Amino acid sequence: MATRIDGKALAAKVKAEVAVEVEQLSRRPGLAVILVGNDPASRVYVNGKERDCAECGFRSFEHALPEDTAQETLLGLIEELNRDPQVDGILCQLPLPAHLDEDAVLNAIAPDKDVDCFHPYNVGRLMIGDPVFLPCTPAGVMEMLREYGISVRGKRCVVLGRSNIVGKPMAMLLLQQDGTVTVCHSRTPDLAAITRQADILVSAVGRVGLITADMVKEGAVVIDVAMNRNEAGKLCGDVDYEAVEPRAACITPVPGGVGPMTRAMLMRNILAAARRHQAEI
């Protein structure tokens, strides 16, 4: 029977630690959240991040903009927040409406306030092993591995998905911990032959039931990053949990696995940004 990696409990532990450290600062850290439009899922995510801020003792500044907000208006707001000394982190909730240039918006956020670690400067620093911030979802996965005593060194690690947000930075963090990393994607032939070699398998594709029991090595660590809805509308990941769980040594559930840790790592990044800003005063 696999050990169930409890991301919800670990996230609570991380946020409690952050809250204690906030007490040592000269002022409360601040997160500015920008929400453009009325996407219901985005609203849920923003509300969750604002609750996390309250738990950690942060201030949160919400900027809700209409769906038809012009690019220049959004970039102007970001510039104001870049200059605001009370704002340590800026988060622009994605996806943006189609008429907005997502890359231009994310690149406008000052690197020292880019707590999502999306800015090219921060991505480059991550690549050379000298990060300003760690990308939240991959950092959450690494924290889970540490908490459960799972060493990456010398392990065969397989990452499914090559997105800039999860797949690529996930591979880099595993590589920097001395894992031997293979990244698979939609053009990878004979996927199962590769996943069966994995000591640590991380799936971030977004396809219900993608990972079946015959694709998993006996005793592997299985990390399911995806957040999908099945035909019944139930939240699930890429992994067929019931089938894979008996083969795995450790496995993350969906929900209650990587998701809560992503938000907890965001709180840790905001704390790091606030420390840096207060040290510069």
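**Reading the model**

Author: Gly167 is buried, with a relative accessible area of 0%; buried means under 20% relative accessible area, exposed over 50%, and partly exposed in between, for a 1.4 Å probe and protein chains only. The model is predicted, so local features need pLDDT of at least 70 and side-chain atom pairs count only at pLDDT 80 or more, while totals for chains, interfaces and linings use all residues. Residues are numbered from 1 along each chain as its sequence is written, and side-chain values use heavy atoms, with hydrogens and water left out.

Reader: Where is Gly167 placed, and with which residues is Gly167 in contact, leaving aside its neighbours within four places in sequence?

Author: Its place is in helix α7; helices (H or I, at least four residues) and strands (E, at least two) are DSSP runs, numbered from the N terminus. Contact means heavy atoms within 4.5 Å. Leaving aside neighbours within four places in sequence, Gly167 touches Val159, Gly161 and Arg162.

Reader: How is a nonpolar core defined, and how many residues has the largest one here?

Author: A nonpolar core is a set of buried Ala, Val, Leu, Ile, Met, Phe, Trp, Tyr and Cys residues joined through side-chain atoms within 4.5 Å. The largest here has 51 residues, and those with the most contacts inside it are Phe58, Leu145, Leu174, Ile223 and Val225. Helix α10 (residues 258-280) supplies the largest share of this core, ten residues. Apart from it lies another core, of 18 residues, among them Leu210, Val222, Ala248 and Ile251.

Reader: Which residues are in contact with Phe58, leaving aside its neighbours within four places in sequence?

Author: With those neighbours left aside, the contacts of Phe58 are Val18, Val22, Arg28, Pro29, Cys53, Met267, Ile270 and Leu271.

Reader: How is the packing of two helices described?

Author: Two packed helices are described by the angle between their axes and the distance between the axes. Axes are lines fitted to C-alpha atoms, for helices over the stretch in contact, and angles run from 0 to 180 degrees between N-to-C directions. Helix α6 (residues 136-147) and α10 pack at about 105 degrees, with their axes 8 Å apart. That makes α6 roughly perpendicular to α10; angles of 65 to 115 degrees count as roughly perpendicular, under 35 as roughly parallel, over 145 as roughly antiparallel, and the rest as oblique. Among the residues making this contact are Cys136 and Met144 of α6, and Val258 and Asn269 of α10.

Reader: Which charged end sits over the ring of Phe133?

Author: A charge sits over a ring if NZ of Lys or CZ of Arg is within 6 Å of the ring centre and within 35 degrees of the ring normal. Here the charged end of Arg276 sits over the ring of Phe133, 5.3 Å from its centre.

Reader: Where does the backbone show a cis peptide bond, or a positive phi in a residue other than glycine?

Author: The peptide bond from Leu94 to Pro95 is cis, with omega near 0 degrees, and Pro95 is found in the loop between β4 (89-92) and α4 (102-108). The bond from Val254 to Pro255 is also cis, with omega near 0 degrees. As for phi, Asp178 has a positive value of about 70 degrees and is partly exposed, with a relative accessible area of 42%. Phi of Asp190 is positive too, near 50 degrees, and this residue counts as exposed at 55% relative accessibility.
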